[in-house]
Amino acid sequence: MASHGLDYDGCNFFRQRLVLSTLSGKRVKIKNIRSRDDNPGLRDFEASFIRLLDKVTNGSRIEINQTGTVLFYQPGLLNGGSVEHDCNPQRSIGYYLEALLMLAPFMKNSLKATLKGVTNDPVDPTVDLLKSTALPLMKKFGIDGEGFDLKVVKRGMAPGGGGEVLFTCPVRRTIRPVQLTDPGKIKRIRGVAYSVRVSPQMANRIVESTRAVLNQFIPDIYIFTDHMKGANSGKSPGFGLTLVAETLSGSFFSAEMSSTPQGQGDPILPEDLGRNCAKLLLEEIHRGGCVDSPNQSLALLLMTLGQQDVSKVLLGPLSPYTIEFLRHIRDFFQIMFKIEVQKPLEDERKGGDKVLMTCVGVGYSNINKTLK
């Protein structure tokens with residue numbers, strides 16, 4: 001299987017396949033990409049993602065047929081260094097950043113990536129959410145140190161974009177095994193209510209409606225208002241909210257909402273957005289586990305590439321994206337997780353079954369040896 005590479009059908013889980021192909025060194029062929037669609041082939045944002053992969057690797061071979069329905073990808077070496085990329089505004093910077101978070105620790109040189117485009121939209125995880133949850137999670141695996149940062153330089157809402165983000169990450173080829181089995185109780189909630197090219201009062205209205213819901217549960221709440229002006233405010237108006245709840249054991253649960261992009265769908269009131277986002281956070285806390293839903297796949301990847309030692313992580317109900325990610329890890333690394341379902345106690349009103357994931361890391365340095 002390793003010599004012939006892997007074959008897949010369709011455009012689903014496109015990033016998963018290319019990221020795991022890059023890390024494992026196995027080439028991949030994806031056929032029938034929207035072959036029955038009125039507009040067949042790769043979309044502009046997928047082509048932009050391939051260009052970003054090409055920039056951070058050295059010697060990658062990428063072949064796309066004339067209609068864009070077949071992609072062949074033979075990964076090169078992860079080089080890193082200083083990279084600038086204009087992300088396609090069809091998807092936010094979070095779409096590209098999620099993949100970079102998985103690749104950055106294993107590069108040859110420290111990564112300094114400047115990404116331009118849409119920073120906040122209703123589809124992908126926003127930069128604020130990834131900064132508040134993904135970075136602390138990576139630190140638990142030993143990925144930290146000077147130069148590990150994610151900064152919003154300019155904010156850009158969909159559809160116009162105009163935002164800019166700086167992501168820097170040092171090289172960490174050995175990943176520390178973890179034992180994350182106790183989520184702990186919620187101790188505080190933090191958040192960012194942002195607004196661009198609208199009245200600064202919008203952010204204050206979001207904060208008031210959010211606190212009205214969350215103050216019933218916990219007093220330690222602080223929501224920062226971020227109103228960017230002028231050149232730093234991007235090209236489109238909008239507002240939104242990112243909330244993060246931190247537990248006593250250092251786990252994070254997150255939720256976010258953004259206003260409807262200009263000219264698309266029905267507008268939403270700041271009060272409704274604040275209330276709905278607070279309810280989404282409560283739902284995420286209800287699901288439980290030590291890692292929130294958007295970061296489940298990142299935790300599982302770092303467990304897989306960690307040192308040859310046992311790692312354990314307690315997760316809430318697995319998302320469909322995470323389930324497919326586990327299948328891809330089995331394909332690319334021949335690693336299978338031991339999954340133990342923990343039923344909630346009858347007197348506990350918890351959010352469904354918890355899942356204890358256990359695996360022995362394959363060690364990224366070992367993969368490197370086989371690549372050579």
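I call a crossing right-handed if the near helix is turned clockwise from the far one by less than a right angle, and left-handed if anticlockwise. My helices are DSSP runs of H or I with at least four residues, numbered from the N terminus. The model is predicted, so I note that local features need pLDDT of at least 70 and side-chain atom pairs pLDDT 80 or more, while totals for chains, interfaces and linings use all residues. Residues are numbered from 1 along each chain as its sequence is written, and side-chain values use heavy atoms, without hydrogens and water.

Entry: α2 and α3.
I looked up helix α2 (residues 44–56) against helix α3 (residues 93–103) and found that α2 passes α3 in a right-handed crossing. Their axes (lines fitted to C-alpha atoms over the stretch in contact, with angles from 0 to 180 degrees between N-to-C directions) cross at roughly 30° and come within 11 Å. The two are therefore roughly parallel (under 35 degrees). In contact (heavy atoms within 4.5 Å), F45, E46, S48, F49, L52, L53 and V56 of α2 meet Y95, Y96, A99, L100 and L103 of α3. By class I have 10 nonpolar, 1 polar and 1 charged residues.

Entry: α5 and α6.
Helix α5 (residues 201–214) and helix α6 (residues 270–287) pack at about 40°, with axes 7 Å apart. On the α5 side I listed M202, R205, I206, S209, T210, V213 and L214; they meet α6 residues including P270, L273, R275 and L282.

Terms used: Angles under 35 degrees count as roughly parallel, over 145 as roughly antiparallel, 65 to 115 as roughly perpendicular and the rest as oblique. Ala, Val, Leu, Ile, Met, Phe, Trp, Tyr, Cys and Pro count as nonpolar, Asp, Glu, Lys and Arg as charged, and the others, Gly among them, as polar.
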